[in-house]
Amino acid sequence: MAIITKDSARTITNPDHLRFHRLHQHLAPTFGESWFALKAEAFARFFGTPFFLGAQTLIVLVWILLNITGVSHFDLYPFILLNLAFSLQAAYAAPLILLAQTRQAERDKAHAEADALHREDLAQANEKRLKVAAEQAEQMIKLIEMNTELTKVTKQLTERIEIITEQLHKHLVKY
């Protein structure tokens with residue numbers, strides 16, 4: 001695709017439509033690029049899924065049933081070990097989730113800024129196009145006015161030629 005602008009006679013081939021977003025590419029991964037970062041982000045995202053909530057509920061129910069029915073006695077009522085497991089899970093999950101939310105907010109802000117810059121660029125390009133269109137419309141009006149004037153002059157000349165032709169005809173017919 002080639003774009004030719006009126007202001008400069010240069011041709012832009014394949015403009016970079018993502019140029020405003022490239023400034024913020026470093027914010028793409030939430031926890032960075034390492035193996036740990038990818039696993040931490042996956043773990044943080046997994047906490048909010050229905051599968052996790054269902055699996056955790058099932059594990060808790062099995063844990064309680066095993067200890068209440070007497071099949072196993074590793075954590076008797078009031079289930080202190082279960083509370084400890086939940087506390088440990090919360091201690092690791094909360095910072096990961098908060099970090100993921102913070103980084104996502106940074107990415108959202110950066111993308112919003114890039115979108116605003118892109119919209120501003122589009123608005124400026126649109127203003128230039130409207131200015132060029134207005135100039136072209138003015139030129140077309142001038143050309144139409146000139147064409148109208150030429151048509152009037154042509155009509156006057158044609159009428160004069162007709163009058164001269166009639167006079168010449170009359171003059172030649174006399175002789």
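What follows is a short tour, from the whole chain down to single side chains.

This is a predicted model, where local features need pLDDT of at least 70, side-chain atom pairs count only at pLDDT 80 or more, and totals for chains, interfaces and linings use all residues. Residues are numbered from 1 along each chain as its sequence is written, and side-chain values use heavy atoms, with hydrogens and water left out.

**The chain as a whole**

- You'll find three helices and two strands here, in the order β-β-α-α-α from the N terminus on. Helices (H or I, at least four residues) and strands (E, at least two) are DSSP runs, numbered from the N terminus.
- Of the 175 residues in the chain, 15% are buried; buried means under 20% relative accessible area, exposed over 50%, and partly exposed in between (1.4 Å probe, protein chains only).
- Among contacts (heavy atoms within 4.5 Å) with a separation of 6 or more, 54% link residues 24 or more positions apart.

**How α1 meets α3**

- Two packed helices are described by the angle between their axes and the distance between the axes.
- Helix α1 (residues 35-46) packs with α3 at an angle of about 100 degrees, and their axes are 9 Å apart. Axes are lines fitted to C-alpha atoms, for helices over the stretch in contact, and angles run from 0 to 180 degrees between N-to-C directions.
- That makes α1 roughly perpendicular to α3, a label for angles of 65 to 115 degrees (under 35 is roughly parallel, over 145 roughly antiparallel, the rest oblique).
- On the α1 side, the contact is made by Ala40, Glu41, Phe43, Ala44 and Arg45, and on the α3 side by Leu96, Ile97, Ala100, Gln104 and Arg107.

**The salt bridge**

- The structure holds one salt bridge, meaning a side-chain nitrogen of Lys or Arg within 4 Å of a carboxyl oxygen of Asp or Glu.
- Its partners are lysine 155 and glutamate 159, at 4.0 Å from N to O.
- Both residues lie in helix α3, four residues apart, or about one turn of the helix.
- Lysine 155 is exposed at 54% relative accessible area, while glutamate 159 is partly exposed at 40%.

**Around leucine 66**

- Leucine 66 sits in helix α2 and is partly exposed, with 29% relative accessibility.
- Leaving aside residues up to four places away in sequence, leucine 66 touches Val71 and Ser72.
- Its C-alpha atom is 9.5 Å from that of leucine 76, ten residues apart along the chain.
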